[in-house]
Amino acid sequence: MINLETLRKAYKLMCYAQHMAETYENNRSICKYVHSTSRGHEAIQLATAFQLTEADWLSPYYRDESILLGLGFEPYELMLQLLAKADDPFTGGREYYSHPNYRGTGKPNIIHQSSATGMQVIPTTGVAQGLKYLQQIKSDQFKKTSDGQLPVVVCSLGDASITEGEVSEAFQFAVLKQLPVIYLVQDNNWGISVSAEEARAMDAYEYAGGFPGMHRIRCDGSDFNEAFETMQHVVDHVRTHQQPYLVQAYVPLLNHHTSGVRKEFYRSKDDLDQHHKDDPFPKLKQLCLQSGITEDELQQLFDEAKQTVAADFEKAVAAAEPDPSTVTDHVFVPTAVIEEKGDRSPLGKEKIMMVDAALFAIRELMDEYPEAVLYGQDVGRRLGGVFREAATLAEQFGDHRVFNTAIQEAYIIGSTVGMSAVGAKPIVEVQFADYIYPGLNQLVTEISKSSYLSCGKFPVQTLIRVPIGAYGGGGPYHSGSVESTLLSIKGIKIVYPSTAADMKGLMKAAFLDPNPVVMLEHKGLYWSKVQGTEEAKTVEPSSDYIIPLGKGRIVAEADDELIDEGESCCIITYGMGVYWAMAAAKQFDGAVEIIDLRTLYPLDEELIFSTVKKHGKCLVLTEEQQNNSFAEALAYRITYNCFQWLDAPVEVIGALNLPAVPMNMGLEAAMLPNAEKVKDRLWKLFRS
């Protein structure tokens, strides 16, 4: 039996939701930013919110304003986000209504919420994964409820988003690892103008039946009593048994899909009338009356709520707009690694390969940081990575810290959002650069925007390892370069080492950076088996060696006399390009200076521009297909910043503009740059 205080609270908050919806509708010219309301969904949302504690984690979706009210957020706070005001407590005016994030006390934590339906399921399942891991290692960061119970994670979503493929990846992982996550599906039978009959072959409950180990239940989400009892049972079960659970709550949709897609555009009167029969507000009122709360008391709660909403709206309208000067704040949070430290070339040590430098760096990191965990395809016990880049790590640190995943690039990448949020330190691997594309949705939608849209509350500390590049007959799906694609994503950092020492030093910096870092590791340099790459092997740096991101390296210096005579040039490159450049430069007797960028973002523009100004001639060299590449963009940036010092146009050389790297080695060689092609382009540059 629900106590009277809970009923009063629910009724008051449901009054808030109703008055807020009416206020927004009556002030459409003021409420100009697109928004949705929770009308029709209030009962299940409040019933859910009332079960949660500050030890728990929650991911609402864009219709969940009543969940936020139930957690204790005031209408005024929500309205600040509605109107994109400076004091919006979630995103500082950067995000839509009911897109919260929260890290504090008294309420569950809420990771950054995007608008991409269903995409929050992977990051939120990552939260549950992270909590289970922290509990397993007995981390101080693992928090229980005030009465000693285990935390739960709630992921709220609409029924239409269940058909997203990434939801399946999350469900698979949740049941495989038996994670403490509740998937609350609010089923109103509409996905904008698409009806359930048009869009799905089964509902969420039926779909969940295909995942053995997923508990499931249906309920009437418009009936507060049934919704409360259902969520109380489900939350108690997950706290106790730490198993995944899906709740399908049937709810009416009483308001517009959004303020911009109005119900009268696509819904019939009969459909709307049918949904209004299940309005949770009169149902809750009747329950309150039956429980002994008087009509007068309910009317008083209704009137007080109306006054509060009106006053809060007036206050929110008058609140300050964001300061435009803050628009670039919070893209990244500061990193502590700002200078090179440690011994790059200790005496008496033998040279090691790049693949071993990566392995040794991760081994040292996992030794030092118990929160560090490594996962991806085939990185676990038995194989240790298809390039042996994780060999022996599972044996040393255990299968709970180094383990295989299924072929789930979206989950591998997106789960790091949740892992990072709870305090774990994920290192993940996408097996080949060509296969990063299924994970781009998570990288773009969730990871890259999290720090910016949470005002720095939820930067994603993740290291994503990506073997990249052609290495001799790898073929069209194992030889690609993807740096230009990745560099078009703002809010992530991109590292590309070309030597063992740089691999180790940059790996440490990437891991310690509190922001997302993608580390591109050229397969052809791993073992220095490709002709001309012997210098990728270096002495192993000391265990404390670290290189700050954004600092390039001078690989070879030009002769001062040739520089003074204007007979020199520079090559700006990275990865395999370093070795093509070194081989070509041998033909020019000290006339060529070579810069290895090492980090593609942030970029060492100071080194680039000072080098170009010194020589007046520049060649940008890349393995990628040339047209529309990062290299061409860099050439423009060099031209713009160094124009008055240039003696010739900036040259660019890259691979031929083909859709894939062909398998046949002769065809592959015809497509890619090499030392001879670089030499020919240098002759052209010197003659210009």
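Select glutamate 605 and arginine 637: they form a salt bridge, with the closest N and O atoms 2.7 Å apart. A salt bridge here is a side-chain nitrogen of Lys or Arg within 4 Å of a carboxyl oxygen of Asp or Glu. Glutamate 605 sits in helix 22 (residues 605-615) and arginine 637 in helix 23 (residues 630-642), 32 residues apart. Helices are DSSP runs (H or I, at least four residues), numbered from the N terminus.

Some ground rules. This is a predicted model, where local features need pLDDT of at least 70, side-chain atom pairs count only at pLDDT 80 or more, and totals for chains, interfaces and linings use all residues. Residues are numbered from 1 along each chain as its sequence is written, and side-chain values use heavy atoms, leaving out hydrogens and water.

Next, select aspartate 279 and arginine 39. Their side chains meet in a salt bridge (3.0 Å, N to O). The two are 240 residues apart in the chain. Are they buried or exposed? Aspartate 279 is buried, at 9% relative accessible area, and arginine 39 is buried, also at 9%. Buried means under 20% relative accessible area, exposed over 50%, partly exposed in between (1.4 Å probe, protein chains only).

Now select isoleucine 638. Beyond its neighbours within four places in sequence, isoleucine 638 is in contact (heavy atoms within 4.5 Å) with residues including Ile572, Phe609 and Val620.

Last stop: Arg344, Asp502, Arg553, Asp596 and Arg598. Salt bridges link these residues in a network. The whole structure holds 34 salt bridges.
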